[in-house]
Amino acid sequence: MKKLNLMKALLASSALIMASESVMAQDFGNFDGVTIEAKLIGGEQYEALYARIADWEALTGATVNIISKKSHFEIDKEIKSDMAAGTTSWCVGSNHSSFAPQYEGLYVDLNGLVPADVIADFVPGNIAASTVNGELLMLPRAQFDVSVLYYLKSNYEDAAQAEAFEAEYGYPLAVPDTWDQVRDQAIFFADPPNFYGTQYAGKDEAIVGRFYEMVVAEGGNYLDEDNRPIFNSDAGQRALQWFVDLYEAGAVPAGTTSYVWDDLGQGFASGTVALNLDWPGWAGFFNDPESSKAAGNVGVAIQPMGSVTRTGWAGHHGFSVTNDCENQDAAVSLVMFLTSEESQLAESAGGSLPTRTAVWEANVAAAREGDDPFRAESLAAFAAGAEYSFAVPAIPEWGESTNLVFPELQAAIVGDKTVEEALNDAAEAVDELMRESGYY
Amino acid sequence: MIRRRLPQWFVLLLPAFIVIAAVVLIPLIFSLYSSFTPYKLTRPSTLWTWVGTSNYEKILTDAKFWTAFGRTILFLTIVLNVELLLGLGIALMMNKITWGQRTLRTILMFPMMFSPILVGFQFKFIFNDNVGLVNNVLQSLGSDSALPWLVDGKLAMFSIMFAEIWMSTSVFAILILAGLFAMPRDPLEAAKVDGCTPWQSFRHITLPFLMPFIFIAMTIRSLDVARAYDIVQIMTGGGPARRTELLWTLMSRTGYVDARMGLANAMGYISIILSILFTIYFFRKLSAARADLGMEG
């Protein structure tokens with residue numbers, strides 16, 4: 001643990017030195033006496049960045065008043081209530097690429113307010129996912145999310161187990177490279193209720209996102225170009241069947257349909273799950289002996305592929321400036337500071353993934369040269385996995401559509417409906433939503 | 001010219017009228033109006049688009065809404081009856097205790113002092129299929145399976161009902177106990193002298209006397225249970241596959257997550273019918289019970 005902390009500190013400090021030149025050169029302006037009200041996503045992994053706000057206050061003379069700090073889902077509800085009540089004069093808000101399209105008219109287009117060369121320093125895909133109808137609604141922070149496969153290494157070091165697997169499935173036991181192999185191995189490793197082959201998010205947007213990436217991996221898509229639902233295709237049915245097979249075989253915990261991210265993270269950290277597709281923020285947690293029974297036994301590999309391709313449902317956090325903000329210049333300055341190269345280096349030293357090209361390169365190089373093979377392995381896996389990432393459709397109805405789809409996916413998983421019935425019912429409901437919204 | 005003055009009673013009541021209008025009447029009218037619009041929280045301008053009864057028509061043909069409506073009635077019926085039986089039993093036993101009754105009464109009220117959200121988290125953990133208390137106890141007693149308490153449709157409804165009953169049975173117990181305290185001793189003693197069995201005394205004297213108290217408790221709890229939300233939301237969120245969806249989990253998702261407040265308000269107004277029907281039913285029963293005791297008027 002100490003070694004890990006030391007490594008992080010070294011990485012952060014070396015990265016900070018590298019970035020100091022650019023920071024010195026960047027002028028965040030002078031906003032003496034200005035107070036910026038902010039609504040930020042809260043949580044342990046996000047706090048390190050907020051500690052840097054004091055530096056921006058010292059640089060600019062302005063003050064930041066954090067008027068709300070909640071989980072993203074809670075902040076989302078609060079922002080929607082603010083929009084309804086017209087109380088949107090606060091200035092800076094945490095945002096997410098999946099949520100951004102919903103807040104119609106709330107946030108300012110940053111294209112005219114942030115210099116083009118600053119925008120060009122971000123990963124182009126992240127900027128594209130932050131842009132809705134041509135408007136850049138947020139600047140991405142170092143919280144890029146794409147999932148890769150975490151696994152328990154010990155399962156691949158047992159010769160007798162490998163022999164038994166090969167005898168049963170006809171191919172050698174190795175870290176899975178396809179989703180079919182994940183299914184085989186998950187069923188093979190499972191020994192419920194003590195040990196499970198894998199697990200998946202089972203409700204809300206979480207399961208729909210996971211289903212979505214499997215549909216794409218099978219060669220299908222969620223919506224077509226006119227935003228008509230097409231996830232009830234053959235590809236969609238193959239994708240959902242994968243979830244159903246694992247549930248029926250008892251390879252996943254029976255309660256998986258009520259699990260979301262924390263349950264999954266804690267489950268893998270308990271050392272009772274063999275394979276786990278999960279986000280970058282968990283890497284440090286999984287390999288920390290103080291928080292995880294799996295520490296020292298965790299391997300990280302690129303996400304497996306479907307019958308057509310690898311895919312990764314991806315998203316990222318960011319910061320936006322409201323249209324009603326009185327001091328937009330100061331607010332934009334704060335957003336630029338929180339997403340600057342220096343801030344991203346500091347935040348990604350904690351294990352999260354950056355959204356700036358230079359920070360990606362610096363982190364990968366530092367990990368390669370460092371003496372923490374786990375960090376190097378996980379960063380390499382995430383760098384490779386990010387190449388297959390895609391963002392959800394940039395339409396306000398994405399979130400609402402997931403609320404229509406997830407109960408149907410659950411119905412197929414728990415056996416209330418067949419895969420085909422469930423997907424057809426879900427597609428019908430989404431089709432009605434899209435018609436009502438005027439897409440066709 | 002004679003200056004007209006407002007009547008004194010009106011002036012005195014005016015502050016109360018203004019407060020009630022501000023906190024009850026205006027929001028009620030506003031929400032009723034919005035149920036005739038496609039109002040979305042994220043598009044405030046939609047509040048001014050009149051769509052007539054479109055939201056209501058949509059709800060009337062929505063199988064998901066009526067399934068949730070039916071499930072809420074079933075939930076209400078089972079929870080109220082079990083709470084009544086348990087509450088009555090507890091109150092009768094408490095009434096027999098002569099030493100330490102006050103302490104026991106205080107302990108009895110503990111579950112009511114917890115926030116429903118905390119009760120939800122507590123039972124979510126207790127019934128968790130993997131690390132939950134119940135499955136661990138079952139496994140230590142020899143069971144080799146993990147019961148999916150919060151996943152299986154019947155088990156999940158049972159778990160939620162268990163949490164709701166655990167938290168609120170004491171409402172019945174306390175109100176019935178108050179009835180027992182207020183009950184005159186003479187009829188019971190006369191029955192004893194006449195040779196009535198304990199069951200006959202209970203059936204023909206105690207129970208009729210307690211009925212008004214029971215119906216008051218039923219009315220209060222029916223309104224409470226009909227808007228059950230916190231515990232359900234925390235324990236299952238209405239899932240999986242809508243197996244535990246009740247009216248308020250459906251409405252809150254529609255209104256706050258999907259931001260379709262116009263539709264959610266229309267659901268709310270239809271759901272109010274449920275509460276009104278239960279209230280009318282229990283008040284009629286209450287009046288009949290009072291009439292039986294010669295207390296009408």
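Let us start with strand 3 (residues 92-96) of chain A: five of its five residues are buried, so the strand is largely enclosed by the rest of the structure. Here a residue counts as buried if 20 or more other C-beta atoms, placed from the backbone, lie within 10 Å of its own, as exposed if 12 or fewer do, and as partly exposed in between. Helices (H or I, at least four residues) and strands (E, at least two) are DSSP runs, numbered from the N terminus. The model is predicted, and local features need pLDDT of at least 70, side-chain atom pairs count only at pLDDT 80 or more, while totals for chains, interfaces and linings use all residues. Residues are numbered from 1 along each chain as its sequence is written, and chains are lettered from A and ligands numbered from 1 in the order in which they are written.

Look at the two faces of strand 3 of chain A. On one side are A:Val92, A:Ser94 and A:His96, on the other A:Gly93 and A:Asn95, and all of them are buried. Two strands pair if DSSP finds at least two bridges between them. Angles run from 0 to 180 degrees between N-to-C directions, and axes are lines fitted to C-alpha atoms, for helices over the stretch in contact.

Now follow the pairings through this sheet. Strand 1 (residues 35-41) of chain A runs parallel to strand 3 of chain A, with two bridges between them, and A:Ala38 stands opposite A:Val92. Strand 3 and strand 11 of chain A are antiparallel and are joined by five bridges. In that pairing, A:Gly93 faces A:Ser320, and A:Asn95 has A:Gly318 as its bridge partner. Strand 11 (residues 315-321) of chain A also pairs with strand 6 of chain A, in the antiparallel sense and over four bridges.

Chain A has another open sheet, of three strands in the order 8-7-9, and here the pairing is antiparallel. Strand 8 (275-278) and strand 9 (298-301) of chain A are at the edges with a single partner strand each, so one side of each is left without a neighbour in the sheet. The twist averages 30° from one strand to the next. Strand 7 (residues 148-152) of chain A is linked to strand 8 of chain A by four bridges, with A:Val148 opposite A:Asp278. Helix 11 (residues 261-269) of chain A packs on this sheet and touches strand 7 and strand 8 of chain A; its direction makes about 145° with that of strand 8.

Stepping back, how is chain A divided into domains? Domain 1 covers 2-146 + 314-388 and domain 2 covers 148-313 + 397-436, with bounds that come from an automatic or database domain assignment. Their centres, taken over C-alpha atoms, are 29 Å apart. Where they meet, 19 residues of domain 1 are in contact with 19 residues of domain 2, contact meaning that the C-beta atoms of two residues, placed from the backbone, lie within 7 Å. On the domain 1 side, helix 16 (residues 373-386) of chain A gives the most, with seven residues. That side of domain 1 divides into 10 nonpolar, seven polar and two charged residues. In this grouping, Ala, Val, Leu, Ile, Met, Phe, Trp, Tyr, Cys and Pro count as nonpolar, Asp, Glu, Lys and Arg as charged, and the others, Gly among them, as polar.

Chain A also meets chain B, in a contact that takes 26 residues from chain A and 24 residues from chain B. Helix 4 (72-85) and helix 17 (398-413) of chain A each supply at least two residues of the chain A side. By class, that side has 11 nonpolar, nine polar and six charged residues.
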